[in-house]
Amino acid sequence: MWNREIETLPRAELERIQSERLRKTVERVYHNVPFYRQKLDQAGIKPEDIKSVKDVQKLPYTTKQDLRDNYPFGLFAAPQDEVVRIHASSGTTGKMTVVGYTKNDIATWAEVMARTMGSGGVTRKDIIQIAYGYGLFTGGLGAHYGAERIGASVIPISGGNTKRQLQIMKDFGTTAVACTPSYILYMAEGAEEEGINIKDLPLRVGFFGAEPWSDNMRKEIEAKLNIKAIDIYGLSEIMGPGVSSECWEQNGLHVWEDHFIVEVIDPATGEVLPYGEKGELVFTCITKEALPLLRYRTRDISILYNDLCPCGRTHMRMNRVMGRTDDMLIIRGVNVFPSQIESVLLDIGETEPHYQLIVDRDGNLDDLEIWVEVSERLFSDQVKKLEEVEGKIRREIQSTLGISARIKLVEPKTIARSEGKAKRVIDRRDVYTN
Ligand code: DLL
């Protein structure tokens, strides 16, 4: 563990720290951010009403729209001369979301990322290749500072240039890697082409996140590379990577609760849900100075578990993200998440972990087509064999998810590869609604 004392704090002590920090944060935003002062006044809440961590439930929610309405710096709670870093997420629609950090925020970020990498056993002896994008995206620099804080040897290669990634991995003896799950699969494929046996390299652990992935995808990565694949989670608005991370048990992600208060709510009603129930993740930053958001609605779907983890960490675990409220596909009335389809595809075992979902509308009916790659061998096999696999996938999707889909088996490397976040869904129905 990177910080044993904090990571194993008794719950009562952790909650005492949270209460204290929450109180200070509310005071800070009330006095420094006109948007929050107005919101709290409207709700009839004064900073002195916040006494314990439970009082978080009295606070109003913050949404992505609030950040957009206050673009670029309107929600900052620190003067500009204290802001030492700015990141932004492009988003697919609308304005960028802009986030800022003070010097202390950067130190906190390095601390939570050091814990994250410590969970995967990284020490000063490791050589870590950071293949998340460096730039406005928080992935590259976030991982960089955490690894540097541990004292590992950092290779700040950023995303892309797969051939060079592989050469460096081999020549420098990289032992840990950080990138999106889709990019590591792309690298594995590249290694095959280059005649590099990636399984034989010293690489032993990877920190994968920034996009949804299933447990089956994890198994695929672990088997293909002979490494341990750790799921790491975060979002720019709250910090970037480092909000939560799996430990060696790989059974849920510990939320670094001395910095973030986590809740799960019913996305339709806003009601707070008990542990064990599935809903939308909501985070409150309790140590951030530049952008301490209150009850930020992430749109990510998960479950919180408050039972003890065998690893000894006391920080609560969240389930791996199960989808987003805004990427849920409604196919003829049935709700499905792309990650559920991914799981079925990978379970079948005869397909490659590269797929794309194409949603369209046929008259009034939603139409789902699943493109999935199969191995060269299968593709050049008899048509009958391909039809068999196609039928098997169709039946499996129907029986596990309750939807019918058309399956299109495609040749290896037909589907575009990603060096960052993969685009799994092409929803052509928007054409009709916009
Ligand atoms: O993706 C921060 C990050 C960088 C996390 C590197 C992990 C590793 P944004 O670009 O703001 O920040 O996107 C945040 O990505 O709300 C989730 O929907 C999704 N996401 C992030 N991590 C995971 C994960 C970064 N482990 C959005 N599993 C979040 C599933 C994830 N989804």
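## Basis

The model is predicted: local features need pLDDT of at least 70, side-chain atom pairs count only at pLDDT 80 or more, and totals for chains, interfaces and linings use all residues. Residues are numbered from 1 along each chain as its sequence is written, and side-chain values use heavy atoms, with hydrogens and water left out.

The domain assignment gives domain 1 (101-318) and domain 2 (329-427). Such bounds come from an automatic or database domain assignment. The C-alpha centres of the two domains lie 27 Å apart. Domain 1 puts 22 residues into the contact, and domain 2 puts in 17 residues. Contact means heavy atoms within 4.5 Å.

About 1600 Å² is buried between domain 1 and domain 2. Carbon and sulfur atoms give 53% of that area. Buried area is the accessible area (1.4 Å probe) that two parts lose on being put together, summed over both. On the domain 1 side, Glu 189, Asn 216 and Met 217 lose the most area to domain 2. Together they account for 28% of what that side buries.

## Salt bridges

A salt bridge here is a side-chain nitrogen of Lys or Arg within 4 Å of a carboxyl oxygen of Asp or Glu. The count by this rule is 34. Between domain 1 and domain 2 the count is three.

Glu 189 pairs with Arg 417, at 2.7 Å from N to O. Glu 189 lies in helix H8 (residues 181-194) and Arg 417 in the loop between strands E19 (406-410) and E20 (425-427), so the pair ties together parts that are 228 residues apart in sequence. Helices (H or I, at least four residues) and strands (E, at least two) are DSSP runs, numbered from the N terminus. Glu 193 forms a salt bridge with Lys 413; their closest N and O atoms are 2.9 Å apart.

## The second largest pocket

This pocket holds about 510 Å³ of space. A pocket is an open set of points on a 1 Å grid over the protein atoms alone, where a 1.4 Å probe fits, with protein on both sides within 12 Å along at least five of seven lines. Its volume is the space filled by probe spheres set on the points, which are joined across faces, edges and corners.

The lining has 28 residues, each with an atom within 4 Å of a point. Arg 11, Glu 257, Val 262, Tyr 275 and Met 316 lie nearest the centre. Helix H2 (11-32), strand E10 (260-265) and strand E12 (296-305) each supply at least two lining residues. E10 gives the most, with four. By class, the lining has 14 nonpolar, six polar and eight charged residues. Nonpolar means Ala, Val, Leu, Ile, Met, Phe, Trp, Tyr, Cys and Pro; charged means Asp, Glu, Lys and Arg; the others, Gly among them, count as polar.

## Local features in loops

Tyr 71 and Pro 72 are joined by a cis peptide bond, with omega about -10°. Pro 72 sits in the loop between helix H4 (64-69) and strand E1 (83-89). Ser 158 has a positive phi, near 70°, in a residue other than glycine. Ser 158 lies in the loop between strand E4 (153-155) and helix H7 (162-172).
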